[in-house]
Amino acid sequence: MKKTIFYSIFTFLFFTHSTSSQVAGDPEIKKMIGEIKAENLEATIHKLVSFGTRHTLSDTKSKTKGIGAAQQWVKSEFDRFALESDGRLTAAIDYFEVKADGKRIIKDSQLGNVMATLKGTDPADNRVLIISGHLDSRVSDVMNVKSEAPGANDDGSGVAAVMELAKIMSKRSFPVTIIFVAVTGEEQGLYGARHLAELAKASNWNIVAMLNNDMIGNSLSSGTNVRDNTQIRVFSETIPFLETEEEAKMRKATSRDNDSPSRLLARYIKTVTEQYVDQLKVKLVYRNDRFLRGGDHTPFSQNGFTAVRFCEMNENFNHQHQDLRTENGIQYGDLAEFMDFEYLRKNTCANLAVLANLAWSPKAPLNLGIEVKELSNSSTLAWSAPEGKAPYGYQILMRETSSSHWEKTFFVKETKAEIPYSKDNYFFAVQAVDALGHASLPVFPVPIK
């Protein structure tokens, strides 16, 4: 017992003293982050705005106006990026039919998600990462398909981030598959995201993480006029939508209400973002989305996938879901002139850092458990090595039960460790890491009796 405790303390000291290269981050990820430019994102926004309206049910025949023209342009950009990908990136518009719902779809319609798939290089690794923004836009009346609906921030910002990452990341190779998607039908009821999530479930895709970016380019709030471009909100569900009865029993027994897979992803995002992106903090919001509202990550959560939403810290409701007009000296409408493109750049960098770290990481540890055979003021965790590429080692994460994020990290080389902290007072998780510090998503332990 004492030997194991000594070993764990030793390896913790080893980690904090001798892995500064991991703390500093992967130089290739930093290089990619440096390639993200605010002016490129701004140019994409202006192009998206030029289509007049991108309402889900707007013109699909015109080459210059409406959702159809916007879809074709995004597809053409993905095709252009593919030319520098050595054949790894392919693009398509995934068309699907929706029936009139008597609400926001007034007639049977064909919708389409614009997708670019960066194929993983390891045939034995079936992991999939998805990043999305929604291409459609709207004005005050969600059924108004004619009026100008610029959709600069909502959600041109998310689409611009997706496109920028497709351009930069497709020049590199990753063992796992990354899907960059501009979905449609969000404003009409999350139709595009639901179609993709159901397709993924039916096709048995092994989605490790889904990152939804919806409104990530505005830093000035309406009403308070507070400007903050140093924080981004990440929303994550508390209790999984598809939790089984057995999983519910385990959640209650282990008090893991704040450790759903999506919440573990949210904490991962916070750790990686604050390591790689200067002047940006992640605000963890403990709900699936804003109060009584939803986004394109929700259908993925509802289908059992690990999904979160990135959203700006301060929403400006004068420039969200508004007709273009001026009233009492106030300009309404979602126009590019009201965006903060440096803020959009930083939020795009956060997404890249997360995707790249996950894409290059080993798979997560298997069969993680915490021993409960005997009462003890120390905690023993044991797990199995993941399939595929052998990890360089493992990180045991620890936090107090009242803390929102991880507070201590222990590095170990073995698949079992005893640490001198009581499971009564702390939560733990384990992730696999490679020699460059790319870490898998954390895994929460179950009791070993």
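In this predicted model, the largest pocket lies between domain 1 (27-360) and domain 2 (366-447), because both domains give residues to its lining. The volume of this pocket is about 1,200 Å³.

**Largest pocket**
- The lining is made up of 39 residues, and those nearest the centre of the pocket are Arg256, Pro261, Thr306, Pro442 and Val443.
- Two or more lining residues come from each of strand S5 (206-213), helix H9 (245-254), helix H10 (261-276) and strand S11 (366-371).
- By class, the lining residues of the largest pocket comprise 19 nonpolar, 11 polar and 9 charged.

**Cavities**
- The model has 2 cavities of 30 Å³ or more, and the largest cavity has a volume of about 80 Å³.
- Among the residues lining the largest cavity are Asn153, Met215, Glu312, His319, Asp334 and Phe338, and its lining as a whole divides into 4 nonpolar, 5 polar and 2 charged residues.
- The second largest cavity, with a volume of about 30 Å³, is lined by Ser137, Arg138, Gly151, Asp154, Glu187, His321 and Asp334.
- The lining of the second largest cavity contains no nonpolar residues, but 3 polar and 4 charged ones.

**Helix H3**
- In helix H3 (residues 27-35), the buried residues are Ile29, Met32 and Ile33; seen down the axis of H3, they fall within an arc of 100 degrees and therefore line one face of the helix.
- The cover over the buried residues of H3 includes helix H6 (156-169), H10 and helix H12 (341-360).

Terms used. Residues are numbered from 1 along each chain as its sequence is written. This is a predicted model: local features need pLDDT of at least 70, side-chain atom pairs count only at pLDDT 80 or more; totals for chains, interfaces and linings use all residues. Side-chain values use heavy atoms; hydrogens and water are left out. On a 1 Å grid over the protein atoms alone, a cavity is a set of points where a 1.4 Å probe fits but cannot get out, and a pocket is an open set with protein on both sides within 12 Å along at least five of seven lines; lining residues have an atom within 4 Å of a point. Grid points are joined across faces, edges and corners, and a volume is the space filled by probe spheres set on the points. Helices (H or I, at least four residues) and strands (E, at least two) are DSSP runs, numbered from the N terminus. Ala, Val, Leu, Ile, Met, Phe, Trp, Tyr, Cys and Pro count as nonpolar, Asp, Glu, Lys and Arg as charged, and the others, Gly among them, as polar. Domain bounds come from an automatic or database domain assignment. Buried means under 20% relative accessible area, exposed over 50%, partly exposed in between (1.4 Å probe, protein chains only). The arc is that of the directions from the helix axis to the C-beta atoms. Contact means heavy atoms within 4.5 Å.
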